[in-house]
Amino acid sequence: MPVCRMLRLGSALGLLLLSLTLLILSLLSYVALRRDNSLGPPRTPPGHMYMFQAGFRSQFALKFLDPSFVPITNSRSQEFQDQPPKWVFNRTAFDQQRRDILSHIDITRNFSLTRSSVRVGQLLHFAYSSHKYVYSVSSSFLSLLPEHSPILESHPPTCAVVGNGGILLGSGCGAEIDRADFVFRCNFAPTDGFHRDVGRKTNLTTFNPSILEKDYNNLLTIQDRNNFLLSLKGLDGAILWIPAFFFHTSAPVTRTLVDFFVEHRDRIKVRLAWPGNIIQHINRYWQAKQLNPKRLSTGILMYTLASALCDRIHLYGFWPFPFHPHSRRDLPYHYYDKRGTKFTTKWQESHQLPLEFQLLYRIHREGLAKMTLSQCS
């Protein structure tokens, strides 16, 4: 009996010592992390300038904030100051890019399905889903399609492509955005309450069907339907670009959308556009340019469309990191995240935004499109 008690006592002491050891190691790690972060940016190799905040120091973050990836080496650090070098438009390079895009993608034809391009009963496939999934064209859906491409005659001199990044908060870019002849927005992003930073004007906004489920409860109640109708009325005259045929999971929501638009067709002044297989052509184009993410973001899609339509492009809200490049203050993932949603890496499951940022920033440096990463004057 005494031997058993001694064995149990020894086991208990062993567990206690192990627990204490783990606790001490955890405290040492925490103190080291606080010490590294409390006095400013972490130490970096000579000649490099990392710009990231505490709380975003995972190996994942370090990979994408490496100076060889994000353009924040000392040689380029001036570009991220409050008064960056004057941007110069490269008309020759821009025109060459436009010809290159149009050689891969017939933007006007593929911008939206039209009544003459499909028929009732036709089976449409989904770009990112197995070929076994199909959507049958109904007479209701056909009646919502435009007669001709909504951008058939569009050729705006200046375009603003507005991403949804938290960097827009406090930017004061609203008036500048509104001065553009054509404003592209992404995923039905709200402007009410954010006019000073993002502007009021919208000529085109995308509408992923999942937004109906996430923000409008699939229109299950009268209040949900009224809220959605009110949001649409704020876009009178704008193009609502609905990528309904990217994923088969959008099919049920698309049917709900179709029923709603048919019911309220006389009360809604937005112009509906339903892209078919355009994403396949856009994917192939960017893959040829060595951009091969799991799935292209809406921002890249809008930039591609703008490149084919506009004479000049200005990019806002494209900064996929959790800190401001100048003030280093924390940023939410979206500018409209009311509760200050923390920036996470969850979006990496579907997109590769740092890769896309690298591409867009190179486009900026080469004078093809201007990117704003600071406050607007």
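Biologist: Which is Cys 186, buried or exposed?

Modeller: First, a word on the source: this is a predicted model, where local features need pLDDT of at least 70 and side-chain atom pairs count only at pLDDT 80 or more, while totals for chains, interfaces and linings use all residues. Residues are numbered from 1 along each chain as its sequence is written, and side-chain values use heavy atoms, with hydrogens and water left out. Now the general idea: buried means under 20% relative accessible area, exposed means over 50%, and partly exposed is in between (1.4 Å probe, protein chains only). Cys 186 has a relative accessible area of 4%, which means it is buried.

Biologist: Where does Cys 186 lie, and what does Cys 186 touch?

Modeller: Elements here are DSSP runs numbered from the N terminus: helices are H or I with at least four residues, strands are E with at least two. Cys 186 lies in the loop between strand 4 and helix 7. Contact means heavy atoms within 4.5 Å. Not counting residues up to four places away in sequence, Cys 186 touches Val 162, Asn 164, Thr 205, Thr 206, Thr 298, Gly 299 and Met 302. Take Thr 206: 20 residues separate it from Cys 186 in sequence, yet the C-alpha atoms are 5.1 Å apart.

Biologist: Which value of phi does Phe 188 have?

Modeller: Most residues other than glycine have a negative phi. Phe 188 has a positive one, near 60 degrees. Phe 188 sits in the loop between strand 4 (182–185) and helix 7 (195–198), and it counts as buried because its relative accessibility is 11%. Asn 217 also isn't a glycine, and its phi is positive at about 50 degrees. You'll find Asn 217 in the loop between helix 8 (210–216) and helix 9; at 37% relative accessible area, Asn 217 is partly exposed.

Biologist: At what angle do helix 9 and helix 10 pack?

Modeller: Two packed helices are described by the angle between their axes and the distance between the axes. Axes are lines fitted to C-alpha atoms, for helices over the stretch in contact, and angles run from 0 to 180 degrees between N-to-C directions. Helix 9 (residues 222–233) packs against helix 10 (residues 251–263) at about 70 degrees, with the axes 12 Å apart. Under 35 degrees counts as roughly parallel, over 145 as roughly antiparallel, 65 to 115 as roughly perpendicular, and the rest as oblique. Helix 9 and helix 10 are therefore roughly perpendicular.

Biologist: Which residues meet where helix 9 packs on helix 10?

Modeller: From helix 9, Arg 225, Phe 228, Leu 229 and Leu 232 meet Leu 257, Phe 260, Phe 261 and Glu 263 of helix 10. That contact divides into six nonpolar, no polar and two charged residues. Here Ala, Val, Leu, Ile, Met, Phe, Trp, Tyr, Cys and Pro count as nonpolar, Asp, Glu, Lys and Arg as charged, and the others, Gly among them, as polar.

Biologist: How far apart are the axes of helix 3 and helix 12?

Modeller: For helix 3 (residues 91–104) and helix 12 (residues 298–309), the axes are 9 Å apart and the angle is about 110 degrees. That makes helix 3 roughly perpendicular to helix 12. The contact of helix 3 with helix 12 holds six nonpolar, three polar and one charged residue.

Biologist: How far apart are the end C-alpha atoms of helix 13?

Modeller: The expected span is 1.5 Å times one less than the number of residues. For helix 13 (residues 353–365), 13 residues should span 18 Å, and the end C-alpha atoms are 18 Å apart, which agrees. Gly 367 follows helix 13, with a positive phi near 80 degrees.
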